Amino acid sequence: HVTCRLMTPFIAAGMHQVMVAVPGRGFASGNLSLEYPLNVTSVSPASVNLNFATTVTVSGSGFSPVLNDNTFAISGVACVPMTVSSTQHTCLYPGGSTGGSR
């Protein structure tokens, strides 16, 4: 049984190759599956007019640091990724959908 502590601020979720050096024993390698649960704490604005372009900010944790790995949709319309951090994702809802507010 080996326990490892990751000493980096953020590693993207997914498969990663790991190599472990054991003094006096040698090396062991394998794959590590790393998962982060997505936790959304707020969405701003709380509603959008579906006819107009709107910048939307989703706050929380578990976002991938790779911008296009984070996908969000409003009423089935993709929100175009703009910026991402470990705690916030900002995207542009393009508008033009039929309907009122969501």
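Which residue does a disulfide join to Cys79? The close-up views below start with that pair and then move to Thr54. This is a predicted model, in which local features need pLDDT of at least 70, side-chain atom pairs count only at pLDDT 80 or more, and totals for chains, interfaces and linings use all residues. Residues are numbered from 1 along each chain as its sequence is written, and side-chain values use heavy atoms, with hydrogens and water left out.

**View 1. The disulfide between Cys79 and Cys91.** Here is the partner: Cys91, with an S to S distance of 2.1 Å. A disulfide is taken as a pair of cysteine sulfur atoms within 2.5 Å, and a search of the whole structure finds one. The torsion about the S-S bond of Cys79 and Cys91 is about 90°, so this disulfide is right-handed.

**View 2. Where the two cysteines sit.** Strands (E, at least two residues) are DSSP runs, numbered from the N terminus. Cys79 and Cys91 are both buried, meaning under 20% relative accessible area (1.4 Å probe, protein chains only).

View 3. Thr54 is part of strand E4 (residues 54–61) and counts as buried because its relative accessibility is 18%. Beyond its neighbours within four places in sequence, Thr54 is in contact (heavy atoms within 4.5 Å) with Pro45, Val48, Cys91, Leu92 and Tyr93. The C-alpha atoms of Thr54 and Leu92 are 5.7 Å apart, although 38 residues separate the two along the chain.

Note on methods
Buried means under 20% relative accessible area, exposed over 50%, partly exposed in between (1.4 Å probe, protein chains only). Helices (H or I, at least four residues) and strands (E, at least two) are DSSP runs, numbered from the N terminus.
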